[in-house]
Amino acid sequence: MSGKICQAIAGRDLLAFSYEGRSRVVEPHCHGTSRAGNEVLRAYQVRGGSNSGEPIGWKMFAVDQISGLQIVDDHFARSRPGFNPNDKGMTSIHCHV
């Protein structure tokens with residue numbers, strides 16, 4: 001799954017997947033390892049549901065909880081405001097925009 005995430009980040013392609021029982025569409029910005037040692041994705045969610053009640057905005061997803069990951073045939077032009085390529089929530093970064 002890491003290869004597909006980094007491929008989407010490099011191409012600035014949207015990703016669609018299910019997470020916590022809800023369909024989501026995101027602009028992937030950064031993929032790495034969290035401080036807890038888990039593989040994570042920092043992304044800006046543009047569509048779909050959310051358990052937090054905030055379906056749009058910055059989120060960090062645990063990759064092992066993502067299912068049905070698909071690269072969407074749609075692109076985002078630039079990084080969203082607030083993106084930090086040196087994400088403090090990650091101890092190592094595999095790829096970023």
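The buried residues of helix H1 are Ile 5, Ala 8 and Ile 9, where buried means under 20% relative accessible area, exposed means over 50%, and partly exposed lies in between (1.4 Å probe, protein chains only). Viewed down the axis of H1, these buried residues fall within an arc of 100°, so they line one face of the helix; the arc is that of the directions from the helix axis to the C-beta atoms. The face of H1 turned away from the buried side carries the exposed residues Gly 3, Gln 7 and Ala 10. The cover over the buried residues of H1 includes E1, E2, E3, E5 and E6, with contact defined as heavy atoms within 4.5 Å. Helices (H or I, at least four residues) and strands (E, at least two) are DSSP runs, numbered from the N terminus.

The model is predicted, so that local features need pLDDT of at least 70 and side-chain atom pairs count only at pLDDT 80 or more, whereas totals for chains, interfaces and linings use all residues. Residues are numbered from 1 along each chain as its sequence is written, and side-chain values use heavy atoms, with hydrogens and water left out.

H1 is followed by Arg 12, which has a positive phi near 55°. Arg 12 belongs to the loop between H1 and strand E1 (13-19) and is partly exposed, at 26% relative accessibility. A positive phi near 55° is also found at Glu 20, a residue other than glycine. Glu 20 is placed in the loop between E1 and E2 and counts as partly exposed, with a relative accessibility of 44%.

The cysteines were examined next. A disulfide is a covalent bond between the sulfur atoms of two cysteines. With a disulfide taken as a pair of cysteine sulfur atoms within 2.5 Å, the count comes to one disulfide. This bond is formed by Cys 6 and Cys 95, whose sulfur atoms are 2.1 Å apart. The pair links distant parts of the chain, with Cys 6 in helix H1 (residues 2-11) and Cys 95 in strand E6 (residues 90-96), 89 residues apart. The torsion about the S-S bond of Cys 6 and Cys 95 is about -90°, so the disulfide is left-handed. Cys 6 is partly exposed, at a relative accessible area of 23%, whereas Cys 95 is buried, at 13%. Cys 30 takes part in no disulfide, and the nearest cysteine sulfur, that of Cys 95, lies 7.3 Å away. Cys 30 is buried, with a relative accessible area of 0%.

The structure holds three salt bridges, each defined by a side-chain nitrogen of Lys or Arg within 4 Å of a carboxyl oxygen of Asp or Glu. One of them joins Glu 27 and Arg 80, with the closest N and O atoms 2.8 Å apart. This pair links distant parts of the chain: Glu 27 is in strand E2 (residues 22-34), and Arg 80 is in the loop between strand E5 (66-75) and E6, 53 residues apart. Glu 27 is buried, at 7% relative accessible area, while Arg 80 is partly exposed, at 28%.

A salt bridge is also formed by the side chains of Arg 42 and Asp 87 (2.6 Å, N to O). Arg 42 lies in strand E3 (residues 39-48) and Asp 87 in the loop between E5 and E6, so the pair ties together parts that are 45 residues apart in sequence. Arg 42 is partly exposed, with a relative accessible area of 21%, and Asp 87 is buried, at 9%.

Glu 20, described above for its positive phi, forms a salt bridge with Arg 24 (3.7 Å, N to O). Arg 24 is found in strand E2 and is buried, with a relative accessible area of 3%. The side chain of Arg 24 makes a polar contact with the side chain of Gln 45 (3.1 Å). A polar contact is a pair of N or O atoms within 3.5 Å; within protein, one must be able to donate a hydrogen and the other to accept it, and residues adjacent in sequence count only if both atoms are side-chain atoms. A polar atom of the Arg 24 side chain also lies 3.3 Å from the backbone oxygen of Tyr 19. Not counting residues up to four places away in sequence, the residues touched by Arg 24 include Leu 15, Phe 17, Arg 47, Asn 51, Lys 59 and Phe 61.
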